[in-house]
Structures are given as C-alpha cells and as structure tokens.
Amino acid sequence: IMNAVEKIDEIEVVKELAIESVSAINDNAVKVTFNTEVKDIKASDITITEPTSGNKVYVKSVKAGSDNKSVEVELYDTLVSEKTYDVEVKVGEKAVKGQFKFVLGEAAQILVEDQLISTASKKLDYKVLNADGVDITEHVTVAVESNSTAIVSTKGEVTVNLADNQS
C-alpha cells in the first residue's frame, strides 16, 4: 500500500492550454493571457480577425510577459472601437482561441508623471486612460485651461513657452 501511495504522489496534472483572457492595451496592442506557461510564441503564431468582415489584423511583434503566462501583441493595424475580434494562437501543434471586444470608452483618468519643465524642455507629457486602463490619448481632446498664452495643448502633451523668470 505504501508503494501505491508514493506512485500517486508522482502523478503530474497537466492543464490543457487555453486562453484565459484577451484585452486591449491600446488601439494597436493587446495582451493575451493563458491558463498555463507558454514559451516561444512568435508573431506568425498569432492570428487576429474581425469576424464580421473576415479582415485580418496584422501582428507586428510579440513580447512575452514576465509571468510566462501572457504575451503583449503589437499590431500593424489600428483596432476599431466597438468591434469584436477573434484571436487564435498556435503553440506547438495546438491552436487555442479567444475573443475580445475593443471599446475606446470615455476618459476616466489623466496621468501626469513628475516632470521638470525648463526653458530647455518645455513639454509636459500626459496619458488619458479609459475605465479599463486603455490608453486613449490619441482619440480624445483634453482642454487645458490657463490665463497664459504661453501654454499650448496638443494630444499627449502641454507645451509651456515661458521665458526665464516668467510665470
């Protein structure tokens, strides 16, 4: 009986590979998360398709996540808001499938990191995120209010054209 127990302890449970989730990082990158570790996934292993039209979204590069259970996929194409996309990833001889809906959504947060503004470096960078944490800076307009004509706002940055000793 002792030998039988020892053999049971040696049984390794192997999970069948599956995609747990796919989510947009921004409009030209997605994160694919698997239920188990994966290795050596290349851009050619990933197919992303908009199922209604059958149009493919071409993959530019793939970067493995630090947990080895996810990959960040950079795209040549821009995702279209309110569209659903099918994802297929080939891992060895196996292909696993997932799906996600890309939604730009409304601005929920504006992130501005600590930055030094001087006469040499006059730009203050920021990011606008939706409620899901997707960077939507390029798709929204942020109104920067100031009494100074020296402050100009463009997408993703505020330029401060102040001379020395001017406020």
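Modeller: Two strands are taken as paired if DSSP finds at least two bridges between them. The strands themselves are DSSP runs of E with at least two residues, helices are runs of H or I with at least four residues, and both are numbered from the N terminus. This is a predicted model, so local features need pLDDT of at least 70 and side-chain atom pairs count only at pLDDT 80 or more, while totals for chains, interfaces and linings use all residues. Residues are numbered from 1 along each chain as its sequence is written, and side-chain values use heavy atoms, with hydrogens and water left out.

I begin with the sheet that contains β1. Four strands form an open sheet in the order β1-β2-β6-β5, and their pairing is antiparallel. β1 and β5 are the edge strands, each pairing on one side only. From one strand to the next the twist averages 20°; angles of this kind run from 0 to 180 degrees between N-to-C directions, with axes fitted as lines to C-alpha atoms (for helices, over the stretch in contact). Within this sheet, 5 bridges hold the antiparallel pair β5 and β6. One of the residue pairings there is Ala64 with Val71, the latter in β6.

The loop between β5 and β6 holds Asn68. Asn68 is not a glycine, yet its phi is positive, at about 60°. Its relative accessibility is 31%, so Asn68 counts as partly exposed; the classes are buried under 20% relative accessible area, exposed over 50%, and partly exposed in between, with a 1.4 Å probe and protein chains only.

β5 and β6 are also joined through side chains. Lys60 and Glu74 form a salt bridge with an N to O distance of 3.8 Å. Lys60 lies in β5 (residues 59-64) and Glu74 in β6 (residues 70-75), 14 residues apart, and the pair links distant parts of the chain. The term salt bridge means a side-chain nitrogen of Lys or Arg within 4 Å of a carboxyl oxygen of Asp or Glu. By that rule the count is 5. Side chains of opposite charge can pair when their charged atoms come close. Both partners are partly exposed: Lys60 has a relative accessible area of 42%, and Glu74 one of 32%.

Next is the sheet that contains β8. Another open sheet of 4 strands runs in the order β4-β3-β7-β8, again with antiparallel pairing. At its edges are β4 (55-57) and β8, each with a single partner strand, so one side of each has no neighbour in the sheet. Here the twist averages 30° from one strand to the next.

β3 (residues 46-50) pairs with β4 in the antiparallel sense over 3 bridges, and Glu50 stands opposite Asn55 of β4. Between β7 (residues 83-91) and β8 there are 9 bridges, and these strands run antiparallel. Lys83 has Phe102 in β8 as its bridge partner. The hairpin of β7 and β8 has 2 residues between the strands, and in this hairpin Gly92 has a positive phi near 65°.

Glu88 and Lys97 meet at 3.7 Å, N to O. Glu88 is partly exposed at 24% relative accessible area, whereas Lys97 is exposed at 62%. A further salt bridge joins Glu16 and Lys94 at 3.2 Å, N to O. Glu16 sits in the loop between α1 (2-9) and β1 (19-26) and Lys94 in β8 (residues 94-102), so this pair, 78 residues apart, links distant parts of the chain. Glu16 is exposed at 59% relative accessibility, and Lys94 is partly exposed at 32%.

Two loop residues complete the picture. Asp40, in the loop between β2 (29-34) and β3, also has a positive phi of about 60° without being a glycine. Asp40 is exposed, with a relative accessible area of 71%. Asp27 lies in the loop between β1 and β2 and is buried, at 14% relative accessibility. Leaving aside residues up to four places away in sequence, Asp27 touches Asp77, Thr78, Leu79, Phe102 and His139, where contact means heavy atoms within 4.5 Å. The side chains of Asp27 and His139 also make a polar contact of 2.4 Å. A polar contact is a pair of N or O atoms within 3.5 Å; within protein, one must be able to donate a hydrogen and the other to accept it, and residues adjacent in sequence count only if both atoms are side-chain atoms.
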